[in-house]
Amino acid sequence: MADSKVAEAVESEAAEVDPLSVPENKERFEVAKEFAFHLSKGIKNIGIYKHNVAKYGEMLQKCYDAVVKYTSKWNGMQLKVEADCFSMFKQPVFAASDNENLPYKFYRDGIRHLIFREGLEADELLKFVLIALTDTQRGDPDILSQLWEANFAHVEYVVVEGFSMDGMSDEQVKVEVEKVVGYLYQRLRSDSDDYLRFARLTAQDLELSVENVDQVRGAVITGSTATDQYLLALKDEIHEDYSARLFPKLVTAVFQVIDEGGFADIESLREIFVQLLDAMLLQEDFATINSLLVKFRAMEREQDKAQMAQDLRAFFLTKMGEEQRLRRIGEVLNTTKGKHNQEIFRYLYGLDPGVIPTLISVLEGVEIAENRVILCDALAALGKDLPEPFAQRLGSEKSQLVRDMIYIIDKCDFPDKMKYFGETLKNPNLAVRLEALSILSRSKSEQCRRFIVGSLHDQNLQMRVQAARVLPNMSPGKAYLDLHALIKSAEFEKRDLKEKESVYHALGSTLQEGALSQFVQMLAQKGLLRRAKIKEDKLLAISGLSAMPSIPSYKTLQAVTEEKGNDMEVTLAARKALHAMKKTLFPDQDDQAGKEPPK
């Protein structure tokens with residue numbers, strides 16, 4: 001009997017008219033496919049560029065435009081969830097790929113329908129996509145739990161738990177359950193004043209409205225005593241409900257009362273939202289705080305509540321940016337690692353740029369490097385047009401704070417950022433000056449090069465050596481002239497041998513013909529009167545040659561090792577440089593210092 005029902009169902013479906021033959025359905029299907037295409041593309045881009053949080057909205061913009069286009073014309077975009085695709089009118093609009101089966105993630109958790117309602121916010125779509133990208137194998141919660149906790153205002157879903165019936169195969173049960181789900185789904189779509197849109201039904205409703213579904217009679221319910229493990233899990237679930245789900249429910253209740261006209265006094269509402277804000281900050285529930293802002297923006301689209309919603313949102317943002325609340329965020333960032341980073345960034349991103357000085361003060365007290373980056377990224381987003389607050393702190397003696405300011409200025413890419421970095425070279429902290437020197441060396445501008453040339457005469461040895469080392473990376477030809485002028489200066493003769501060797505090594509790394517000729521002349525010196533000076537010159541020349549691997553340099557060093565009249569220290573230095581250069585030039589040759597190189 002069950003087989004005949006399945007056959008009849010298949011035959012009736014085959015006899016149905018193709019829904020896509022209706023022009024309106026065809027148009028809806030094409031818009032849904034456009035949405036699915038950009039959704040797939042956005043998910044891939046976010047998966048690749050996870051670190052670039054600020055670009056998430058841009059990656060999903062076309063997807064959001066498509067869903068707005070659909071919902072503004074047909075109210076809700078309703079997608080059926082199957083094991084390998086999302087479908088509409090029995091045709092796939094989003095199919096699984098070889099690398100990722102996104103529909104199965106929802107199907108596995110019992111979700112059978114997804115509905116995107118009119119009024120969907122871009123932040124809601126982003127949050128939905130981030131939930132879809134989670135992976136339970138990495139320890140993330142299941143998608144159904146995350147959807148419940150997200151408490152979406154404009155994303156709905158239909159969930160089916162497991163069904164089984166004695167005497168019926170899985171395929172037969174599937175046909176029966178699909179009919180039940182279809183009925184419940186129709187109830188969900190009905191117009192109702194109920195804010196939460198519950199599907200209410202009775203046993204009589206099912207008996208009258210669902211045809212050809214066999215009733216289960218004489219069912220015997222059996223069970224077993226709850227284990228200690230189950231009781232602990234239940235206790236954890238209750239704690240989770242109290243700690244993680246309480247505030248979303250409270251927020252939903254407050255907005256439902258507002259929607260029904262229960263609050264008319266805006267001062268009372270302000271007090272309620274301030275208390276909610278402080279409670280959520282203590283509970284570290286930044287996700288619900290951000291969802292409040294989404295709800296305010298959604299309310300602003302309602303003509304009769306727009307002004308009140310705007311006033312409440314502006315007031316709420318002001319309270320969010322007050323010093324004591326920002327200090328609370330600093331405490332959270334100083335005690336937890338990576339727990340709320342994305343939500344905290346969203347919290348800070350929406351604030352007024354006037355909070356920048358307070359945030360910099362908060363940044364000074366955060367010691368966890370990963371969490372400092374979150375604050376720096378938020379400061380860069382808030383101060384993209386305000387270089388002054390960051391430039392003023394480049395003179396600080398706190399090296400970490402100055403590094404953070406350099407990071408922010410570099411990220412904001414201010415027009416005069418290299419000028420600011422140049423001023424950092426005057427900082428009393430050596431670590432800060434070395435950091436600035438490294439950043440300047442990555443630029444090709446003449447202004448930055450001049451800053452580095454100036455550091456060749458710094459009072460600190462490390463600064464002078466580092467400046468000589470990075471200078472050839474910017475312009476080898478100009479670096480040769482600057483380093484050659486330094487070598488010929490009177491002050492250079494007073495410096496110690498190690499520093500001189502570093503400068504000659506930098507001179508060699510310019511790979512200029514003039515440098516090679518100079519080194520060859522220095523190695524050709526002979527005499528009995530100036531043995532110490534000649535020995536020093538030869539050691540400096542060898543240091544320079546070691547930085548310019550080439551066949552002429554190799555042959556010159558080889559000649560030094562074979563010359564009998566050289567000092568032993570010179571010969572050993574030449575052999576060491578020759579050994580290193582041979583490994584660079586002839587990696588496949590036998591490691592023998594005296595071997596003739598290939599022609």
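Helices (H or I, at least four residues) and strands (E, at least two) are DSSP runs, numbered from the N terminus. The model is predicted, so local features need pLDDT of at least 70 and side-chain atom pairs pLDDT 80 or more, while totals for chains, interfaces and linings use all residues. Residues count from 1 along each chain as its sequence is written, and side-chain values use heavy atoms, leaving out hydrogens and water.

**Exercise 1.** Find how far apart arginine 346 and glutamate 343 are in helix H16.

*Solution.* 
- Start with the contact: these two side chains form a salt bridge (a side-chain nitrogen of Lys or Arg within 4 Å of a carboxyl oxygen of Asp or Glu), with the closest N and O atoms 3.5 Å apart.
- Next, locate them: both sit in helix H16 (residues 341–349), three residues apart, so about one helical turn separates them.
- Recall the rule: an α-helix has 3.6 residues a turn, so residues three or four places apart point the same way.

**Exercise 2.** Decide whether arginine 346 and glutamate 343 are buried or partly exposed.

*Solution.* 
- Take the cut-offs: buried means under 20% relative accessible area, exposed over 50%, partly exposed in between (1.4 Å probe, protein chains only).
- Arginine 346 has 22%, so it is partly exposed.
- Glutamate 343 has 17%, so it is buried.

**Exercise 3.** Work out which parts of the chain the salt bridge between arginine 301 and glutamate 121 links.

*Solution.* 
- Arginine 301 is in the loop between helix H13 (286–300) and helix H14 (306–320).
- Glutamate 121 is in the loop between strand E4 (111–116) and helix H6 (122–132), 180 residues apart from arginine 301.
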